[in-house]
Amino acid sequence: MLKFDEQKQIDSVNGALALREEIESIVDSIWEKGFKNICWMGIGGTYASCLQAEVHMRERTSLDVFAENSAEYIVTGNRKIGKGTIVILSSVTGSTIEVVESIKKAQEAGALALGFIDKPDTELAKMVDFEIAYPANEQLKFFMVADRFMYLNGDFPEYDQYYKELDEHLAVDLVEVEKAADAFGEAYAKKHCEDSLHYFVGAGNQYGSTYSYAMCYWEEQHWIRTKSIHSAEFFHGTLEVIDKNTAVTLFMGEDSQRPLSERVARFLPKVCANYTIIDSKDYALPGISEEFRGNLSHLVTHAVTQRIDAHIEKINCHPVDIRRYYRQFDY
């Protein structure tokens, strides 16, 4: 399999899960001191992860939780952010301009920042009030924070059983999903590697990853034009530009917003002959209880798209770490 190191990926997920003790210690200390609200802050791909964490918490907890785009916050502000706000962020480089400036502004307003900064010696890592350095697995790390807050608020009584199952099974399950999806990923890549425009649709915790996949993977890394659309909004504009040749991919998860995507799935065969449905339900997660699958469906579909990306990269002879403009000059 292309770009697939099974043991490295298992170790990576297990390493992220092993952060739970450190995460619990930080969240528990915040809880004991008290706080007003929780703000998930990011830009681009990290903002997409914020959207996933926010929707994950929204239906489960009465805690005041919201997602904020770093660039918008810099220019517009948000009166909700101030003393008692816990800002949660993530950064691979630790130097993303918008995130650095937004955290400065939030801290000046009195907020505290918890940052997952992959590089511990960077500007952001030194700025945040609580810092955890570990690469990749951004959504998993965010959800671990969210789940601990909800557990302490009495919203997640299954917390211990849930993480016992993840510790024992998740890492292996996700590599098995990749193996199962590889042939599909290759066929999909061959079909869509030269699309002039591709629509990606999703809802629930799938929407953040849909947004990210369209923008950060296909546009930024593969240089293929896309549009991402929430399943709930699909029927308020987008459906009118879908015809038999339009390339559409629908991501379907197993959380409470699945019915929104099921409606899109029922519509597409009526007008389109070029659609694909990527459904987390199609992949086994041995050892994970049925009731928990919805929390993890975005990780399952991400494992599938990793196979697509590996094959598109090879077919198009375009290494995904090359950028034409991003961070290449000032703008």
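How are α3 and α7 oriented to each other, roughly parallel or roughly perpendicular? In this predicted model, helix α3 covers residues 45-58 and helix α7 covers residues 138-152. Their axes lie 10 Å apart and meet at an angle of about 30 degrees. Angles under 35 degrees count as roughly parallel, so α3 and α7 are roughly parallel to each other. The crossing of α3 past α7 is right-handed.

The residues at this contact come from both helices. From α3, the set is Gly-45, Thr-46, Ser-49, Cys-50, Gln-52, Ala-53, His-56 and Met-57. These meet Glu-138, Gln-139, Phe-142, Phe-143, Ala-146, Asp-147, Phe-149 and Met-150 of α7. By class, eight residues of the contact between α3 and α7 are nonpolar, six are polar and two are charged.

Helix α8 is not straight. A kink of about 55 degrees is centred on His-169. The end-to-end span of α8 was also examined. The helix runs over residues 159-192. A straight helix of 34 residues would span 50 Å at 1.5 Å a residue. Between its end C-alpha atoms, α8 spans only 40 Å.

Helix α8 also packs against helix α11, which comprises residues 293-315. The two axes come within 7 Å. They cross at roughly 35 degrees, and the crossing of α8 and α11 is right-handed. The contact of α8 with α11 holds 17 nonpolar residues, together with four polar and five charged ones.

Note on methods. Residues are numbered from 1 along each chain as its sequence is written. This is a predicted model: local features need pLDDT of at least 70, side-chain atom pairs count only at pLDDT 80 or more; totals for chains, interfaces and linings use all residues. Side-chain values use heavy atoms; hydrogens and water are left out. Helices (H or I, at least four residues) and strands (E, at least two) are DSSP runs, numbered from the N terminus. The expected span of a helix is 1.5 Å times one less than its number of residues. The bend at a residue is the angle between axes fitted to the seven residues ending there and the seven starting there. Axes are lines fitted to C-alpha atoms, for helices over the stretch in contact, and angles run from 0 to 180 degrees between N-to-C directions. Angles under 35 degrees count as roughly parallel, over 145 as roughly antiparallel, 65 to 115 as roughly perpendicular and the rest as oblique. A crossing is left-handed if the near helix is turned anticlockwise from the far one by less than a right angle, and right-handed if clockwise. Contact means heavy atoms within 4.5 Å. Ala, Val, Leu, Ile, Met, Phe, Trp, Tyr, Cys and Pro count as nonpolar, Asp, Glu, Lys and Arg as charged, and the others, Gly among them, as polar.
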